[in-house]
Amino acid sequence: MSCKYLQFILVLCITVPVCAQIDNGDFELIDPNSPPDFNAPLGWERESYAAIVDNFVPEPERGNTSEWKIDVQKGLDPFEGESFVVLSTGDIDPPLPDPQYAQIKQQIEASPGQRLAGVYFFGTCDYTPYEDFATIKLVPAPTSGLRDSILININVGDVGSYGSMDGWDFFEYTFSEADAGIYDLVLIVSDLGDWIFKSYLAIDNITLCYAPGYGDLNYDCRVNMLDFTLLANDWLQDCSDPNYLEDPNSNCWYGTDIDNNGPVDANDLYLMSQFWLDSDSQ
């Protein structure tokens, strides 16, 4: 890597406050009034099972995880920080008051130009045609004139019977003048047709901010050494190469090929440098 392209990284990586406007969106804080058997997330209204964990290993009483794409013995680790939240349907007998779904929600107020973003993971111990599903959506007040917006909708058919995603994936939504306003941000996982086999939704790192134009690869509303490290890992690799995309060391899914032309190269580094240490200050 040429020195002239590395000059900008010598700038001190100063921590800049970020106006995330999501209460406990990183799920590091536990509600002190949690039930004794799990840690509910502080700042979120909860229905049924939603717990903060530092690692998630599926432990179904029925069904199985034979087609999961993550190592179910090692489990799923946080995308960032020390913890994340897992929502689960039930597979218990006799059923609790409603084991068929779990939900958390929080009211947010979005301004034009702000970006709502986060990461999610879905896995199921069920099989088709019982299409258990997970949804992340925005629900406005009935009298607001705004419409529901579905940010993520994924089901058993998408991951396959007894299957899962292969790890964390991003969701994002940028508000326009027309749809800015007050919403309930709703995260839900639900059985469909029965409640016998579990399905899970994990979420981490939810932010609401005026995002930098380029280079915020980890979606934390700032461009800094964390983003540069992700890009440097893929330096001169080709993110359009299927073989590299399958490499477990690839960071292409973070968007390290910023200009979307294939190679992670000097132009991607240049685009990142234009917003170096930029963060939500509005």
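Is C221 buried or exposed? C221 counts as buried, at 0% relative accessibility. Here, buried means under 20% relative accessible area, exposed means over 50%, and partly exposed lies in between, using a 1.4 Å probe and protein chains only.

## About the model

This is a predicted model, in which local features need pLDDT of at least 70 and side-chain atom pairs count only at pLDDT 80 or more, while totals for chains, interfaces and linings use all residues. Residues are numbered from 1 along each chain as its sequence is written, and side-chain values use heavy atoms, with hydrogens and water left out.

The pLDDT is the predictor's confidence in each residue, on a scale from 0 to 100. Its mean over the chain is 88, and 89% of the residues reach 70 or more.

## The overall picture

Five helices and ten strands make up the elements of the chain. These are DSSP runs numbered from the N terminus: helices are H or I over at least four residues, and strands are E over at least two. Mean pLDDT among the elements is lowest for helix α1 (residues 3-6), at 37, and highest for strand β6 (residues 133-140), at 98.

Of the 282 residues in the chain, 48% are buried. Taking contacts between residues at least 6 apart in sequence, 74% join residues at least 24 apart.

## The nonpolar core

The largest nonpolar core has 66 residues. Such a core is a set of buried Ala, Val, Leu, Ile, Met, Phe, Trp, Tyr and Cys residues joined through side-chain atoms within 4.5 Å. The members that touch the most others are F56, L87, L116, F121, L185, L187 and I206.

Leaving aside neighbours within four places in sequence, its contacts include I22, I108, L138, L151, F171, L185 and I206. E172, Y173, T207 and L208 are also among them.

## Two buried serines

S83 sits in the loop between β2 (49-53) and β3 (84-88), and its 7% relative accessibility makes it buried. The side chain of S83 comes to 2.6 Å from the backbone oxygen of F27. This is a polar contact, a pair of N or O atoms within 3.5 Å; within protein, one must be able to donate a hydrogen and the other to accept it, and residues adjacent in sequence count only if both atoms are side-chain atoms. Not counting residues up to four places away in sequence, S83 touches D26, F27, E28, I52, V53, D54, P78 and D204.

S88 belongs to strand β3 and is buried too, with 6% relative accessibility. Outside the four places on either side in sequence, S88 touches Y49, A102, V189, K198, S199 and Y200.

What do the buried residues of α3 have in common? In helix α3 (residues 225-233), D227, F228, L230 and L231 are buried. They cover an arc of only 160° around the axis, which puts them on the same side of α3; the arc is that of the directions from the helix axis to the C-beta atoms. At the start of α3, a side-chain oxygen of N224 reaches to within 3.1 Å of the backbone nitrogen of L226.

Helix α5 (residues 266-273) buries D268, L269, L271 and M272. Seen down the axis of α5, these residues fall within an arc of 160°, so they line one face of the helix. As background, an α-helix has 3.6 residues a turn, so residues three or four places apart point the same way.

## Backbone details to look up

C221 lies in the loop between β10 (199-209) and α3, and has a positive phi of about 75° although it is not a glycine. L236, in the loop between α3 and α4 (242-245), also is not a glycine and has a positive phi of about 65°. L236 is exposed, at a relative accessible area of 61%.

T128 and P129 are joined by a cis peptide bond, with omega about 15°. P129 lies in the loop between β5 (115-124) and β6.

Key: Contact = heavy atoms within 4.5 Å.
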